[in-house]
Amino acid sequence: MDQATVQTFGAPAIDAAVRYGIQALHIDYAHSLDDIQIDKWPRFFTDDGVYRLTTRENMQANLPIGIVHCIGRGMMEDRVKAFHTANIFEPHVYNHLIGPADIVPLTEGGFQVRSNFQVVRTMESGRMDLYAVGHYDDVVVVEGDSLLFKERVVVIDSRDVDILLVIPL
Amino acid sequence: MQVQTTPNRGNEFVWPEQGPTRAPFRVFSDPEIYAEEQEKIFRGPVWNFLCLATDIPTPGDYRTTTIGETPVVVTRGEDGTINAMVNRCAHKGALVCLKKAGNAQRLTCVYHAWSYNLDGTLKAVAFRNGLKGKGGMPEDFDVKQHRMQPVRVEVFCGLVFGTFSDKTEPVETFLGPQMSAFMRRNLDRPLRVLGTHSQTIRNNWKLYAENLRDSYHATLLHTFYTTFKVNRLDMDGGITLADKGWHHVSFARRAKLEESAEYAQANVHSAAYDSKLAGPALLEAWDEFDDGITHSIQTMFPNLCVQFTLNSLALRFFAPRGVDETELFWIFLGYEQDTAEQTQMRVAQSNLTGAAGLVSLEDGCINEFVQRGTHMSPNVSSFMEMGGRKVESEASSRATEAAVRGFWKGYRSIMDF
């Protein structure tokens, strides 16, 4: 089969290379956080990229304030710095499970991407909790030879965060 | 004959003689004390925060919440008045309203379809007269004798409060003149909700009540504050206590920072932190008030706080969910009159607080650390003599535990400990 595009019912054709590229972006992003390579986190975004973490309830009510709201990579870097030097918390790790991406090309370039996630958090004590369930609403763009998030909106289904949130989802 | 009011606890529980400078750890983990608090505090002579008036703007709007752990529903009646009732059917006791919020002409219990007017009075009972002449309620059944249990309501500064007690004074009297004036400063104009979420903290609710009143810890634990000079104890600031000690305001003026050598000498770990932000939009702020106060925390007994950090205005409402679990609600606010640019600044500053707040996330775990550290030591007490042993306002320093002592003074009086 020499077909270079993958098409789903009712959805526009997406180049297989794009699909694999976005999948790789999702995987790299999740694994970096799971490995607490948090310094890498801002680098998945464009310079003016937006990272928002909010709840389904806030999204439905169209309310602007959620849980985290970084406008530009600088605000993300400040969070990374705070993680290393200012914030106090009990050590823990995440394990992201990411669902397949739903990709729609945007007329202005780039792609609107939606995917589900579940994150299990393991504390040093060994306690494991299903910590967050929700979906990512992304705008992914091509910059040079990289795919980057121009926007990543993390929408958690619950209104409630257990204990605290210091590592991004 | 001596009446023993707390038979389950027996006579062994005695508050330490040092008074409000000590809190016996037992009060954070004893389920019997927790049950007593539900009765004496939350169902007692206090005003409990229920919701914002703007949450239920239209007749028929309702909103569910809890007073202590008791489920409550707040409604906007046809005539615009606000009502509150225990969210419990007068028939079998099921929850009447299941959703967080909604709009309805009447409230109907899903179990047997008993339906209530928006003020909680019983309107109709399904199959009251039976079917085909059989069954039905007795002839002397009177809908007026049954209703959802009412909760007395008062609105102050756009906040809806409820109380179970007939003895609770009006909200302004309950708060006292200074506390009322400061609440007016922050909230007495049309409010707009900008976003909400909650955070489950695994500790007794009083540990968070203490934590909010503890201006001593704020800049030591939350080092992001100090680093970026949002709030440091060497800023001009102080603490005002309400008469009973129940409520307090802690305030600071960012412009009047005179750096003191103690921060460097105390090896506060924030001092090592490079204070230049890569994303300075986080702290872009404007002066909203003439009094120069740029940071304030106001508590209202038992479980409400109004936060104003730079331009980040938020309510923190912490609802007990068991002796060792508390749900902390963050309700971020702006004013109807805000410009788009001002809203944007409030949005950026929202990163400071909340479950992932750069200056607040530590409170999610620190109170749990106290819970875990104390739960097996009921007869040991904390030590709180920073700033002396008195319970009084401190106009020029926040290096004090005066407001925490105030809380315990008020707590002991209402609990009769």
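Visitor: How far is the sulfur of C70(A) from the closest cysteine sulfur?
Guide: That sulfur sits in C365(B), too far for a bond. The model is predicted, so local features need pLDDT of at least 70 and side-chain atom pairs pLDDT 80 or more, while totals for chains, interfaces and linings use all residues; side-chain values use heavy atoms, without hydrogens or water. Residues count from 1 along each chain's written sequence; chains are lettered from A, and ligands numbered from 1, in written order. The C70(A) distance is 20 Å.

Visitor: How many disulfides does the structure hold over all chains?
Guide: A disulfide needs two cysteine sulfur atoms within 2.5 Å. C305(B) is too far for a bond, because its closest cysteine sulfur, in C157(B), is 15 Å away. Over all chains, the disulfide count is zero.

Visitor: Is C305(B) buried or exposed?
Guide: Buried means under 20% relative accessible area, exposed over 50%, and partly exposed in between (1.4 Å probe, protein chains only). C70(A) is at 1% and is buried. C305(B) is at 0%, so this residue counts as buried.

Visitor: Which residues make the nonpolar surface patch of about 300 Å²?
Guide: Patch residues have over 30% relative accessible area and no salt bridge; nonpolar side chains are joined within 5 Å, like charges within 9 Å. A salt bridge puts a Lys or Arg side-chain nitrogen within 4 Å of an Asp or Glu carboxyl oxygen. One member, L130(A), is exposed at 55% and lies in strand β8 (residues 128–143) of chain A. The patch is made by V120(A), M128(A) and L130(A).

Visitor: What is the volume of the largest cavity?
Guide: On a 1 Å grid over protein atoms alone, a cavity is where a 1.4 Å probe fits but cannot get out; a pocket is open, with protein on both sides within 12 Å along at least five of seven lines, and lining residues have an atom within 4 Å of a point. Points join across faces, edges and corners, and volume is the space filled by probe spheres on them. There are four cavities of 30 Å³ or more. The largest cavity has about 200 Å³.

Visitor: Which residues lie nearest the centre of the largest pocket?
Guide: This pocket holds about 720 Å³. Its lining has 30 residues; nearest its centre are E57(A), R159(A), R63(B), T64(B) and K100(B).

Methods
Areas by Shrake-Rupley, 256 points an atom, 1.4 Å probe, with all protein chains shown as cover. Helix = DSSP H or I, 4+ residues; strand = E, 2+ residues; numbered from the N terminus.
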